[in-house]
Amino acid sequence: AAPPGGNAADETALASANSSVEMLLQMLQAAETCEEISANELIVELVAQVKSLQPKLETLVQDKLVADPDGVGPLLSSIDELHRVLGLYDGAQAGVLPSNAGGAG
């Protein structure tokens, strides 16, 4: 059973977001052309999934700020990484191929 406050569900949402963002990042970096990124159905699906998780993470941050302000760091890091990876995808849509340079991890 989940503890009060939905911590297990929060952890699951966070883990799901982190793994989706990581997989998306790897696929973006592995692509050799922007066209490859646009044509890859799995990448497009992952982008949609990551975007759908974004509001959940932001709600988690707000809840966490109230319940446990010291524990909000990992959530903020996840949201930052989510925004960064979506930015790489948006860049690819605009013709800028993501590189392996820089970034976390």
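Modeller: Let's start with what covers the buried residues of α3: the cover includes α1 (7–30), α2 (34–39) and α4 (73–93). This is a predicted model, in which local features need pLDDT of at least 70 and side-chain atom pairs count only at pLDDT 80 or more, while totals for chains, interfaces and linings use all residues. Residues are numbered from 1 along each chain as its sequence is written, and side-chain values use heavy atoms, leaving out hydrogens and water.

Colleague: What makes a stretch of the chain a helix or a strand?

Modeller: Both are DSSP runs, numbered from the N terminus: a helix is H or I over at least four residues, and a strand is E over at least two. On that count the chain has 4 helices and 0 strands, and its elements run α-α-α-α from the N terminus on.

Colleague: Where does α3 bend?

Modeller: At Gln-54, by about 30°, with a proline, Pro-55, following within four residues. The bend is the angle between axes fitted to the seven residues ending at a residue and the seven starting there.

Colleague: Why is Gln-54 called buried?

Modeller: Buried means under 20% relative accessible area, exposed means over 50%, and partly exposed lies in between (1.4 Å probe, protein chains only). Gln-54 has a relative accessible area of 18%, so it counts as buried. Beyond residues up to four places away in sequence, Gln-54 touches Leu-82, His-83 and Leu-86, where contact means heavy atoms within 4.5 Å.

Colleague: Why is Gln-49 called partly exposed?

Modeller: Its relative accessibility is 35%, so Gln-49 falls in the partly exposed class. Leaving aside neighbours within four places in sequence, Gln-49 is in contact with Ser-16 and Ser-20.

Colleague: What makes the pairing of Gln-49 with Ser-20 a polar contact?

Modeller: A polar contact is a pair of N or O atoms within 3.5 Å; within protein, one must be able to donate a hydrogen and the other to accept it, and residues adjacent in sequence count only if both atoms are side-chain atoms. The side chains of Gln-49 and Ser-20 make such a contact at 3.0 Å.

Colleague: How do α1 and α3 cross?

Modeller: Their axes come within 9 Å and cross at roughly 145°. Axes are lines fitted to C-alpha atoms, for helices over the stretch in contact, and angles run from 0 to 180 degrees between N-to-C directions. Among the residues that meet there are Leu-14, Ala-17 and Val-21 in α1, and Leu-46, Val-50 and Leu-53 in α3.
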